Amino acid sequence: MPAAPDFPPAPDRAPIKRALISVSDKTGLIEAARVLAGMGVELVSTGGTRKAIAEAGLPVKDISDLTGFPEMMDGRVKTLHPMVHGGLLGVRDAPDHAKAMTDHAIGGIDLVYVNLYPFESTVASGADYATAVENIDIGGPAMIRSAAKNHGYVAVCTEIADLDDVLAELEADGTTSLDLRKRLAARAYGRTASYDAAISAWFADALGDEAPRRRAFAGELVQTMRYGENPHQKAAFYRFPNPRTGVATAKQLQGKELSYNNINDTDAAFELIAEFDPAAGPACAIIKHANPCGLATGKTMLEAYERALACDPVSAFGGIIALNGRLDGATAAEILKLLTEVVIAPEADDDAVTLFAKKKNVRLLTTGGMPNPLSPGLTFKSVAGGFLVQSRDDARLAPADLKVVTKRTPTEAEVRDMLFAFTVAKHVKSNAIVYAKDGQTLGVGAGQMNRKDSARIAALRAADFGLDLKGSACASEAFFPFPDGLIQAADAGCTAVIQPGGSIGDQKVIDAADERGLAMVFTGVRVFRH
């Protein structure tokens with residue numbers, strides 16, 4: 001490990017005499033360059049950035065004027081040069097650094113503004129392998145890292161907001177503060193880390209490496225929160241590059257700031273409702289503490305909401321509502337009769353927005369579309385000292401996937417009910433039991449330590465709200481290890497059962513189903529959710 005040199009303390013205020021600018025995103029470039037030039041700052045730039053500044057009538061040097069070498073190899077080599085990195089890394093007040101800069105005629109670079117080749121958006125556009133590789137920036141991250149390391153003297157910016165902070169300080173006395181330069185350096189390393197994480201993730205995906213030796217995730221800050229899951233916990237919300245459609249991409253039309261728990265529950269609600277294709281008709285999910293307390297389809301969105309609410313109107317109080325289609329005025333009016341934390345939908349009409357505006361605390365989010373439930377992706381969860389990573393649970397079932405294991409074959413209506421219930425069970429905390437009929441959940445049992453209790457609790461909830469389980473389908477997200485859970489469901493009134501199967505006690509469970517005249521199918525697919 002290199003020892004720390006005995007450098008003089010960095011100055012609190014550092015002047016900016018020369019700026020190196022090289023950007024892919026030129027938003028705000030000319031305005032900022034004009035301000036810098038007006039302050040007498042020498043501008044040095046590369047390629048298209050230099051051309052844009054020159055065409056604006058501003059004095060600007062080409063990078064080759066510093067290096068004495070032209071850009072070469074299709075622009076791959078232009079800033080990787082001692083005249084550039086010596087100017088960035090030189091500690092101005094260290095005698096040996098100052099001597100080296102003088103001996104080799106290396107001029108200091110006091111400000112770097114670099115935003116990187118658009119690798120993330122290139123990959124998101126579906127670019128081929130060669131194009132993606134060509135959009136991996138090399139010189140940009142190198143300059144950013146050099147400038148950030150020497151933040152005692154150099155201000156580094158990776159986006160226009162950083163440069164705005166620098167210009168604000170420069171307007172006072174032509175210098176930047178050490179405090180700002182430290183904060184810019186921290187942001188800069190965050191940006192290069194995020195960039196490298198995106199590249200490494202893309203390589204792993206492109207090469208089919210499901211467990212690369214090192215795995216990195218990076219996100220951009222969306223919101224600093226008042227607190228986390230509990231008031232004594234700190235929290236913030238980050239968005240991945242090229243995020244999946246959902247709560248991270250949603251536009252908040254109104255309401256209080258989203259809390260940590262709001263975002264967690266809203267994500268659970270929208271991921272569940274995404275399972276239901278809008279083309280098949282309206283659907284509504286109501287979530288409480290990340291578990292569905294009601295989901296239903298309907299001929300209209302209002303009907304879907306009313307049927308979902310009927311499953312458990314008590315738990316729905318203070319819950320999250322997700323729709324798979326447009327929120328209309330009639331549905332909005334009915335929703336607002338209930339204390340609701342968040343409503344999320346692809347879109348909302350003017351009548352709905354107007355009604356929600358009268359309830360200033362209720363959050364209304366629109367996503368602009370629905371995600372594809374089959375799209376690939378990763379989920380991760382922290383554990384002490386590390387994290388777990390897995391592919392998204394994209395399991396979907398069709399009638400042809402079901403294996404009838406009982407003497408009685410289910411009717412077409414029972415098959416539809418079983419598939420509906422199993423889809424909901426996939427989003428219920430394990431152990432999970434869901435009763436459903438005619439596109440409506442009738443009872444949900446979540447998160448119990450044994451499956452019999454989940455079946456019993458789901459049936460009790462249905463009874464509490466006057467919902468008849470006779471003729472319903474029962475879904476279990478994992479196998480019944482013993483007949484007791486199935487017997488509980490049968491006694492509650494269900495006539496068809498869907499479960500993964502695979503227990504050593506399967507035959508006993510099948511026998512119990514046959515004794516009670518149930519139809520039961522095995523899916524071979526377990527959908528645990530912890």
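Q: Which residue forms a salt bridge with Asp-162?
A: Arg-187 does. In this predicted model, the closest N and O atoms of the two are 2.8 Å apart.

Q: Where do the two residues sit?
A: Arg-187 is in helix H10, residues 178-206. Asp-162 is in helix H9, residues 160-173. The pair links distant parts of the chain, 25 residues apart.

Q: Is Asp-162 buried or exposed?
A: Asp-162 counts as buried, because its relative accessibility is 4% and the cut-off for buried is under 20%.

Q: And what about Arg-187?
A: Arg-187 counts as partly exposed, at 33%.

Q: How many salt bridges does a search of the whole structure find?
A: The search finds 22.

Q: OK, new topic. What is the strand order in the open sheet of five strands?
A: E4-E3-E2-E5-E6, with parallel pairing.

Q: Which strands stand at the edges?
A: E4 (61-62) and E6 (155-157). Each has a single partner strand, so one side of each is left without a neighbour in the sheet.

Q: How many bridges pair E5 and E6?
A: Three, in the parallel sense. E5 covers residues 111-115. Within E5 and E6, Tyr-113 stands opposite Cys-157.

Q: What lies across E2, E3 and E4?
A: Helix H2, residues 47-55. H2 runs at about 140° to E3.

Q: Which side chain meets Arg-50 in a salt bridge?
A: Asp-62, at 3.3 Å from N to O. Arg-50 lies in H2 and Asp-62 in E4, so the pair ties together parts twelve residues apart in sequence.

Q: Buried or exposed, for Asp-62?
A: Asp-62 is buried, with a relative accessible area of 18%. Arg-50 is partly exposed, at 26%.

Q: Last one. Where does Asn-431 lie?
A: In the loop between helix H15 (412-425) and strand E19 (433-437). Asn-431 counts as buried, at 14% relative accessibility.

Q: What does the side chain of Asn-431 join up with?
A: The side chain of Arg-451, through a polar contact of 2.6 Å. Leaving aside neighbours within four places in sequence, Asn-431 has other contacts, including Glu-477 and Phe-528.

Technical notes:
Residues are numbered from 1 along each chain as its sequence is written. This is a predicted model: local features need pLDDT of at least 70, side-chain atom pairs count only at pLDDT 80 or more; totals for chains, interfaces and linings use all residues. Side-chain values use heavy atoms; hydrogens and water are left out. Two strands pair if DSSP finds at least two bridges between them. Helices (H or I, at least four residues) and strands (E, at least two) are DSSP runs, numbered from the N terminus. Contact means heavy atoms within 4.5 Å. Axes are lines fitted to C-alpha atoms, for helices over the stretch in contact, and angles run from 0 to 180 degrees between N-to-C directions. Buried means under 20% relative accessible area, exposed over 50%, partly exposed in between (1.4 Å probe, protein chains only). A polar contact is a pair of N or O atoms within 3.5 Å; within protein, one must be able to donate a hydrogen and the other to accept it, and residues adjacent in sequence count only if both atoms are side-chain atoms. A salt bridge is a side-chain nitrogen of Lys or Arg within 4 Å of a carboxyl oxygen of Asp or Glu.
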